[in-house]
Amino acid sequence: MDQQTFSLMTIFSLLSLALSRHVQPLGVRRDSRAEPVLQEGAKIDDNPLLRHHLRLAKTTASVMSVSPFDHNVLSCQAIGNPPPTIHWLKDGNRIIQDTLGSIQSDDGNLHILPVAGTSQTWSRLFLDCLTPGDEGTYTCVAETPYSRVSSDTRVNISERRLVNLEPFCLNKRSFGLPARIYMWTRFRFEQQGSDVQLFCRSSGLPKPEVIWSRGDDNRPLEDDKKYMVLDNGDLLIRNIRWEDVGIYTCTAQNDLGSDMTLTFLYPVKP
């Protein structure tokens, strides 16, 4: 996808956010948590960016039928303030997508407190070489410190498939796994003068190298005073200004493959 196409899609996404922020897809469950504590003198009604909210913008179908040893991807998108994180469950049990098996890497793991960060987060769950043991109910869970929403997808494994595909599919895992990005920030509003953290969580074996760049410049971001790539792959941008507006590219790569996502950052006047 080129950056012009991405920019147009981003504009439509922002319009959708403004027009239907409180509309929930069918089958979505909501769990409200404690009300946020605002800074002295701050009022939620004074600034729409301070209004905490969370919704699922897009989810996978509620039922999916697949063949044994197929490869499928479940996807989920959430919009919220503060920026939501997304994780997945199978039959109620947490799925750890990080290659090293760290729950902390899958969670928000925010190094800075979002000031007014309305954000869209995308997530993918890669289901490789499906076997009957992978049949079950998969749940996308999006959450902020104040609320949680979720949606289920039932995955059924059919019995129609050539058995001779099984050895190649299962043995392929022993060679490692290509780099794949499973959660990232699609767009982000944040007040100028704030620090901002853009998500880019990846998996793969060997562990992927994560590189961030900006705009049409494919060179890695190197200004250590302005940018920092965190251990989990996220990008921390300090003291954002209007000149920081634009598209940021996250690339994850290892010896077996690479993956890339785009993030649109829009600094807002305080």
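## Thr153 and its surroundings

The side chain of Thr153 comes within 2.9 Å of the backbone oxygen of Ala61. This is a predicted model. Thr153 belongs to strand 9, which spans residues 147–157. Its relative accessibility is 3%, so Thr153 counts as buried.

Beyond neighbours within four places in sequence, Thr153 is in contact with Thr60, Ala61, Ser62, Met64, Leu74, Gly136, Thr137 and Tyr138. Take Leu74: 79 residues separate it from Thr153 in sequence, but the C-alpha atoms are 8.4 Å apart.

## Aromatic pairs

There are five aromatic pairs in the structure. One of them joins Trp242 and Tyr266 edge-to-face, with 5.3 Å between centres and 85° between planes. This pair links distant parts of the chain, 24 residues apart. Trp242 sits in the loop between strand 15 (235–237) and strand 16 (246–254). Tyr266 is in strand 17, residues 257–268. Trp242 is partly exposed, at 43% relative accessible area. Tyr266 is also partly exposed, at 32%.

Phe264 has 17% relative accessibility and counts as buried. Ring pairs connect Phe187, Phe189, Trp242, Phe264 and Tyr266 into a cluster.

## Arginines over rings

Arg180 lies over the face of Phe126, 4.2 Å from the ring centre. Arg186 places its charged end over the ring of Trp122, at 4.3 Å from the centre.

Definitions and conventions:
Residues numbered from 1 in each chain as written. Predicted model: local features only at pLDDT ≥ 70, side-chain atom pairs only at ≥ 80, totals over all residues. Heavy atoms only, no water. Helix = DSSP H or I, 4+ residues; strand = E, 2+ residues; numbered from the N terminus. Buried < 20%, exposed > 50% of the residue type's maximum accessible area, 1.4 Å probe, protein only. Contact = heavy atoms within 4.5 Å. Polar contact = N/O pair within 3.5 Å; in protein donor to acceptor, adjacent residues only side chain to side chain. Phe/Tyr/Trp six-rings, centres within 6.5 Å; stacked < 30°, edge-to-face > 60°. Lys NZ or Arg CZ within 6 Å of the ring centre and 35° of its normal.
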